[in-house]
Amino acid sequence: MNRRPLTLMMSAALTAAAIALIPAQTTAATGTAADATTTGSQPYASYWYPNTLLDWDPGTDPDAPFNRSRVPLQPRTSDPALKANANARAGEGKVVSLVSFGPTSNNPSQGSSSPNHYAFGHWQYVDTLVFWGGSAGEGLILAPNSTVIDAAHRNGVKVYGTVFFPPAAYGGQLQWVKDFTKKSGSTYPVADKLAQVAQHYGFDGWFVNQETAGGDSTLATEVRNTMRYARTLGPVEFMWYDAMTESGPVSWQNALTPANDAFLQEGTQRTTDSMFLNFNWTASGLNSSRTLAGSLGRDEHELFSGIDTEANGYNTSVNWASLFPAGQPHVTSLGLYRPEWTYTSASSRADSYTREARYWDGANGDPSNTTTGSSWKGLAHYIPEASPVTTKPFVTSFDSGQGDFYNSGGVRVSSTGWNNLSLQDVPPTYRWLVGSTGSKLTPSIDFTDAYEGGSSLRLTGTLDAENTIRLYQTRLPVAADTRLSAVVKTPAAGPTRLKAAVSFTDSPTTFTTLDLGSTTTTGWERRTFDLSAYAGRTIAQIGLRTTGTASAYDLKLGQLAVYDGTVDSAAAPTGLTVLGSTDVSSTGKSLRLSWTASATGSVHHYEVYRRNPDGSRTFLGATPNDAYFVPRLDRVGTEASTTLDVEAVSTEYGRSTPATTTVNWSAPTASNLALNRPATASGQCSGTETAAKAVNGSVSGGNSDKWCTLTTGKWLEVDLGSSRSLSSFVVKHAQAGGESSSWNTRAFTVQVRNTTNDPWTTAVTVTGNTAGTTTHPVGLTARYVRLAITTPTQNTDPAARIYEFEAWGG
């Protein structure tokens, strides 16, 4: 039979094929920088070999504080009466998703400054996520980074790390399996560490993929004993991949069989919590697996039948009828291999979101209508939605965990792109369920505006009939002081034609509406409603309802919240400390920060800001953790120090006073930032007298070592590469290169701007100059600098002659 083990299907960053090009190693670092204790270097997700894991200590690993999740696993609700798709079956098949969010090594702990990332948004259909990776050349044991754990747990989804033993052809060594199972007295030291890592970092278990051949029954028994022992050490789970058999060889069964069932259950001993069945399963094999699981006293839904979507996504051929037969109980659960195809195959972020909707919700972008000619109907066709919205407060700003900017309270506090799944709000349960007797409006996640974070919810389209948009399934008890609030924005002041809609568990499909009325501005406006009239009832759904008509309806919802009483704040964090810093440029640093968490109050996350010389603040990042890596802090002008603020944002989005600390800057060392930078000009007198000659650092090369032009408008422009702090300009005229002083430039200006879309601003104006070299002090920041010549010489000679144009700064 043609078997496709997991090893052979890894993508280029992690594939065994790529791994084969890397020499197998017997020892390796844990993936942390040795000097990180005193620097501000980038922390990364942890990875090890079995023996190097034994040396791991969270107290001495400088990256460990940045890899901890502070978000506990949330309970979920799933009301069968509220499932989107009539075909979906509650309480049966589950979904495990094996996802690669980045390479094994150099995977940032807390997101990055790139807005391009796999920001998964369909947690409602997933029960467990495996942080997929590991390689012979980097490390075999991979712990998930904190952002993935935070986002998954906020949505009630468990997270597993990966233990991967590759085939020998791809660098695998049987000794690594033996190291994994090595016993010391009555303990298994590697298992002790696996449990310690999971508990310290805050994730839920391990996916074990043992594909190294050459084992025997004794080694296979010890692999089982190692996992059984680890499960006794606390709340740590294991999922086994169908590869190694009980007799020792690697032989993919594509089913639960007598050859591998002891890796699930051995007599009265529970070996693992679940098993991932290899991809070449058949209808008869799944049925026999279900029967065998039952005879072992195990639920058939603890078996996850694998499908490989790495290469073709929703174009993958799957025998769905054998796995999830129509109108009949699910035979097993489902194992998804590499659903991030929706991101890796996409041409843009918008395309990625379209592909993800097709993968999970179906061809119609409506989980209730999965009718299609394709065999891939979408996961919503089979799996009912589960929601973690079971406790108050519930607040969403529809932040997807990535963006091109960052807003706080509707105010732009950063224009830098970012990704950080720790900040992702619980996505809508239904993507999208819109009911209307007329034209249906189109909901979407909008990346052009936000109230908090980098995105908002937008409704657009033709409004010609009432629309009901179901957003969240919930289980929120209403008290006497419960409130619902919504933040909206309209293109013009006027009627919103929008109502908040809630249903209650005693009549879950009947909505009560709360009219948001009209806006008075084009900015964000909040509407707050008293729900005391419904005290004692429990909210089952939260949605929206539009009424009236509009040929081009366009509204943004920036926040939706249900909470009790007034908006609470948490206590301020304390003890803000710079653990270390690293210079990333002459005017920029990366930083490792830590603080003591708020002593009182419920914190959703902490936000990190720098104070600017003009009194404003710039957002540097955020985390639920008490440690954060700042990728870049830039010096503004010649400031001697920069004050940093860290404030607690409560679960109701109240804000604390900040904790503060100061970063000192050393005296700047000025250099000529224009030296050998790209230069353009209005023209040139000859083929050798180009713009580049004015930034080559030389004036001694004779008459050809200059820029010269006879154009009517005379200008020279230099791109410094990025916005730089500038302290002076120096212009070396004709006399500096040995030519007549009568040809020194008489009148000129120096202009600056930060982007090509900005207008030029004049920084220096000179009239009546006679000197061969002129120096012009300034205090500004710019990327583009321009020398514009008004009068080129002291006489009537029409040629401008510039030997050097220098821009000095740090």
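Pro 393 lies in the loop between helix H10 (349-361) and strand E13 (394-396). Helices (H or I, at least four residues) and strands (E, at least two) are DSSP runs, numbered from the N terminus. Lys 392 and Pro 393 are joined by a cis peptide bond, with omega of about 0 degrees. The model is predicted: local features need pLDDT of at least 70 and side-chain atom pairs count only at pLDDT 80 or more, while totals for chains, interfaces and linings use all residues. Residues are numbered from 1 along each chain as its sequence is written, and side-chain values use heavy atoms, with hydrogens and water left out.

A cis peptide bond also joins Arg 431 and Trp 432, where omega is about -5 degrees. Trp 432 sits in the loop between E17 and strand E18 (433-436). Most residues other than glycine have a negative phi, and most peptide bonds are trans. Asn 106, not a glycine, has a positive phi of about 60 degrees. Its loop runs between strand E2 (95-99) and strand E3 (128-131). Arg 497 has a phi near 55 degrees. Arg 497 lies in the loop between strand E23 (494-495) and strand E24 (498-504). Its relative accessible area of 31% makes Arg 497 partly exposed. Buried means under 20% relative accessible area, exposed over 50%, and partly exposed in between (1.4 Å probe, protein chains only).

Arg 431 also belongs to the lining of the largest cavity. This cavity has a volume of about 110 Å³. Its lining comprises 16 residues, and Asp 399, Ser 400, Pro 427, Arg 431 and Ile 445 lie nearest its centre. By class, nine are nonpolar, four polar and three charged. Ala, Val, Leu, Ile, Met, Phe, Trp, Tyr, Cys and Pro count as nonpolar, Asp, Glu, Lys and Arg as charged, and the others, Gly among them, as polar. The structure holds four cavities of 30 Å³ or more. On a 1 Å grid over the protein atoms alone, a cavity is a set of points where a 1.4 Å probe fits but cannot get out; a pocket is an open set with protein on both sides within 12 Å along at least five of seven lines; lining residues have an atom within 4 Å of a point. Grid points are joined across faces, edges and corners, and a volume is the space filled by probe spheres set on the points.

The largest pocket has a volume of about 1,100 Å³. Of its 42 lining residues, the closest to its centre are Thr 416, Thr 618, Leu 620, Arg 632 and Asp 634. E34 gives the most to this lining, with seven residues. The lining has 13 nonpolar, 22 polar and seven charged residues.

Leu 633 lies in strand E34. Leu 633 is buried, with a relative accessible area of 0%. Beyond four places in sequence, its contacts (heavy atoms within 4.5 Å) include Arg 610, Leu 620 and Trp 665. The C-alpha atoms of Leu 633 and Arg 610 are separated by 8.1 Å, at 23 residues apart along the chain.

In helix H7, Gly 285, Leu 286, Ser 289, Leu 292 and Ala 293 are buried. These buried residues fall within an arc of 125 degrees seen down the axis, so they line one face of the helix. The arc is that of the directions from the helix axis to the C-beta atoms. The face turned away from the buried side carries the exposed residues Ser 284, Thr 291 and Ser 295.
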